[in-house]
Structure formats: structure tokens, C-alpha cells
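Okay, hi everyone, thanks for coming. Have a look at it first.

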Amino acid sequence: FRSKLDFSKALWLEDESRMIGRCQINDYLFQKMRSAVVIKIIVPLSDRIKRLVEDYTGYDKSNIINPFERIAKRLGGENYKKAIQYYQLSCEKDKNINSCLTVGDLSKNILKNDKKSLIYYKKACDLNNKIGCAMSGKILYKFNYKSKAKEYYKKACDLNSPKVCDAMGNFYFKGEMVNKDLKTAFNYYKKSCDLNSPEGCNVLG
């Protein structure tokens, strides 16, 4: 570890505790950190929130949802809801697609609030995100708003979601939510296959 450090240059580090999540800082480095000069940089809270949201919303959503579950248990529901509000702000003010999807996922999977999740999935869809459109369609279908669900599914397919194109093919093949139309079903299956979906290709045979 030490051989990788260039001691002829200054090494700038964040003032972390020994544990960062589940990772532990090397003893040698941690002792150096404890004895080093600390420079406090004061940044407005709004700027800090914006930077954190931009940094963390690029990760797999499951890596965000699981820590949020622990926050909800350890800090209580109110603090958990406050944390979600920061993502909401980033979605609504900055039009950050990942933030919109994160609020949708957290609301659906942890708060068990499909109506709130639908609001934020729709926002992601309005920003032309195929996942937001697909999830909006799925929730609307669950609520039995099948005509609206079809609109969102169609947009998701137009945005090249192979699974949704396959689902649209099934709708037209079975006559569900739409009039049965084998030609249209074929076109959706073909697009699904063209997007490398095994299901679409299998149907075309």
C-alpha cells in the first residue's frame, strides 16, 4: 500500500471515520489522517445536496434502496422521508432522470406507495426515459387504467425497451387493451427481436 503513495506530493483526503460503509481504512493511512492538518471547506447545503445526488444516482438502484432501508430503521421514518425529499428536489428542479427514478423506486419498494411512485416515474418518462415509461405503464395497468397504460407502454417501446415491445406484441396478439391485430403484433415482436430480446425472437420463430 505505502509503495503506491508518492510522499513527495500532498495527498488530499476527506476527513472520514475508520469505516466507510462496510470498508475499513488501512491502519497506517488512518493514523496519518488523524495526525494531519484539517482544512474545513464550507459549502452551502444546497450545493452539497446537489453534488451528492449527482454522484450517487448513477449507481444501480438496488445499491441505493438497501442503504435507505437501513436508514429508515435506524433513523426513523421522518428522517428517511427527508432524505427522499432531496432526491425529489433534484428531480423536480434539476430534471435529473436518475433522481426521478430513485424516488419512484423508493416510494414503490419501501414506502409501498404506488401513487407517489407513479408521479416520479411519469416525470422520468416525460424526460424520455424508457424505464420511467415502462414503470408508469405497469402501475397504471395495475390500477386498471389500461388505456393510459397502453400509452406509456407504447412510448417505452418507441424509446427502444425490448421487454415492453414484446409486451405490446402480446397485447395485440391476444387482443388485450387493444383490438386484436396480428400484423401489429408481428411488428412489435420484430422490433423486440431487433433489440436482442430472446422472447421476441422466439415468437417469430
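So, let's start with Ser 107: leaving out residues up to four places away in sequence, it touches Lys 112, Asn 113, Lys 116 and Ser 117, where contact means heavy atoms within 4.5 Å. Before I go on, some housekeeping: this is a predicted model, where local features need pLDDT of at least 70 and side-chain atom pairs count only at pLDDT 80 or more, while totals for chains, interfaces and linings use all residues. Residues are numbered from 1 along each chain as its sequence is written, and side-chain values use heavy atoms, with hydrogens and water left out.

Back to Ser 107, which sits in helix H5, residues 97-109. Helices here are DSSP runs of H or I with at least four residues, strands are runs of E with at least two, and both are numbered from the N terminus. Is Ser 107 buried or exposed? Its relative accessibility is 0%, so Ser 107 counts as buried; the cut-offs are under 20% relative accessible area for buried, over 50% for exposed, and partly exposed in between, using a 1.4 Å probe and protein chains only. Its C-alpha atom is 10.0 Å from that of Ile 119, 12 residues apart along the chain.

Next up is helix H6. Among its buried residues are Ser 117, Leu 118 and Tyr 121. With 13 residues at 1.5 Å each, H6 should span 18 Å, and its end C-alpha atoms are 18 Å apart, so that agrees; the expected span is 1.5 Å times one less than the number of residues. After H6 comes Asn 128, with a positive phi near 65 degrees.

Now, how do two packed helices get described? By the angle between their axes and the distance between the axes. H6, residues 114-126, packs against H7, residues 130-142, at about 145 degrees, with the axes 7 Å apart. Those axes are lines fitted to C-alpha atoms over the stretch in contact, and angles run from 0 to 180 degrees between N-to-C directions. The contact includes Leu 118 and Tyr 121 from H6, and Met 135 and Ile 139 from H7.

Buried residues make up 32% of its 205 residues. That's my tour, thanks!
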